[in-house]
Amino acid sequence: MKKIFNPPSVRRPFGNYNHGLLVPPGASLLVTSGQLGIGLDEKVPQDVAAQAELCFEAIKVILAEAEMSFADVIRISGFVTKREDFPAYMAVRDRFTLDPKPVSTLIIINGFTRPEFLVEVEVTAAKVF
C-alpha cells in the first residue's frame, strides 16, 4: 500500500494531488516518456484539452501493457506552453487520476519540437504486490 504525505506544516495541495507518496519495497516501477497530443493518424488537435486527452489515453494504453492502471501512477509531470491552458489541462488530468492521487508537477514552457504541440505528459507508476 502506498503511503500519502500531506504534512499539516506544509500548505495543502492546490488541486487533486498529494505532496508525497511512499512506495513500499518490491513494487514494480514504470517510467514513461513524455506523451504528446498526436493521434495514430498523425493529426494534432488545435486545443490543449483535446491534446491532453490524447496524452492521457496513450499513457492509459502504456499502463495497461505493463498490467497497471492510473491507480498505480505515483507521479505526473505535465508541460504546457500557455499559462491560460492550465485549467483545461487540469480538468483532463483530474478525470484520469485515481486514488491515491499521485504527486504532480505542471511546468509552463516555451515550446516543443513542433509548434502545434501544446502539452506533453509523462508519468511514473508503481505496482504494489
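This is a predicted model: local features need pLDDT of at least 70, side-chain atom pairs count only at pLDDT 80 or more; totals for chains, interfaces and linings use all residues.
**Helix packing, an aromatic cluster and local backbone features**

Proline 100 is located in the loop between H2 and S6, where helices (H or I, at least four residues) and strands (E, at least two) are DSSP runs numbered from the N terminus. The peptide bond that leads from aspartate 99 to proline 100 is cis, with omega near -5 degrees. Residues are numbered from 1 along each chain as its sequence is written, and side-chain values use heavy atoms, with hydrogens and water left out.

Two further backbone features occur at glutamates. Glutamate 42 has a positive phi of about 70 degrees although it is not a glycine, and this residue is found in the loop between strand S4 (35–36) and H1. With a relative accessible area of 54%, glutamate 42 is exposed; here buried means under 20% relative accessible area, exposed over 50%, and partly exposed in between (1.4 Å probe, protein chains only). Glutamate 67, likewise not a glycine, has a positive phi of about 60 degrees. Glutamate 67 is placed in the loop between H1 and S5 and counts as exposed at 67% relative accessibility.

Two packed helices are described by the angle between their axes and the distance between the axes. The axes of helix H1 (residues 48–65) and helix H2 (residues 86–96) come within 8 Å and cross at roughly 30 degrees; axes are lines fitted to C-alpha atoms, for helices over the stretch in contact, and angles run from 0 to 180 degrees between N-to-C directions. H1 and H2 are therefore roughly parallel to each other, given that angles under 35 degrees count as roughly parallel, over 145 as roughly antiparallel, 65 to 115 as roughly perpendicular and the rest as oblique. The crossing of H1 and H2 is right-handed, a crossing being left-handed if the near helix is turned anticlockwise from the far one by less than a right angle, and right-handed if clockwise. On the H1 side, the contact (heavy atoms within 4.5 Å) is made by Val48, Ala49, Ala52, Glu53, Phe56, Glu57 and Lys60; H2 contributes Ala88, Tyr89, Val92, Arg93, Arg95 and Phe96. By class, the contact of H1 with H2 has 8 nonpolar, no polar and 5 charged residues, with Ala, Val, Leu, Ile, Met, Phe, Trp, Tyr, Cys and Pro counted as nonpolar, Asp, Glu, Lys and Arg as charged, and the others, Gly among them, as polar.

A search of the whole structure finds 4 aromatic pairs. In one of these pairs, the rings of phenylalanine 56 and tyrosine 89 have their centres 6.1 Å apart and their planes at 40 degrees, so the pair is tilted; rings of Phe, Tyr and Trp (its six-membered ring) pair if their centres lie within 6.5 Å, with planes under 30 degrees apart counted as stacked, over 60 as edge-to-face and the rest as tilted. This pair joins distant parts of the chain, with phenylalanine 56 in helix H1 and tyrosine 89 in helix H2, 33 residues apart. Both phenylalanine 56 and tyrosine 89 are buried. Phenylalanine 56 also forms a stacked aromatic pair with phenylalanine 96, at 5.3 Å centre to centre and 20 degrees between the planes. Here too distant parts of the chain are linked, from phenylalanine 56 in helix H1 to phenylalanine 96 in helix H2, 40 residues apart. Phenylalanine 96 is buried, as is phenylalanine 56. Ring pairs link Phe56, Phe70, Tyr89 and Phe96 into a cluster.

Leaving aside neighbours within four places in sequence, valine 121 is in contact with Ser33, Gly34, Gln35, Cys55, Phe56, Ile59, Ile76, Ser77 and Tyr89. Valine 121 counts as buried, at 0% relative accessibility. Between valine 121 and leucine 54, which are 67 residues apart in sequence, the C-alpha to C-alpha distance is 9.9 Å.

Threonine 124 also lies in strand S7 (residues 119–127) and counts as buried at 18% relative accessibility. Residues up to four places away in sequence not being counted, threonine 124 touches Leu29, Leu30, Val31, Asp72, Val73, Ile74 and Arg75. Aspartate 72, in turn, is in the loop between H1 and strand S5 (73–80) and is buried at 10% relative accessibility. Beyond its neighbours within four places in sequence, aspartate 72 is in contact with Lys2, Thr124, Ala125, Ala126 and Lys127.

Isoleucine 107 lies in strand S6 (residues 103–108) and is partly exposed, with a relative accessible area of 37%. Apart from residues up to four places away in sequence, isoleucine 107 touches Gly78, Phe79 and Val80.
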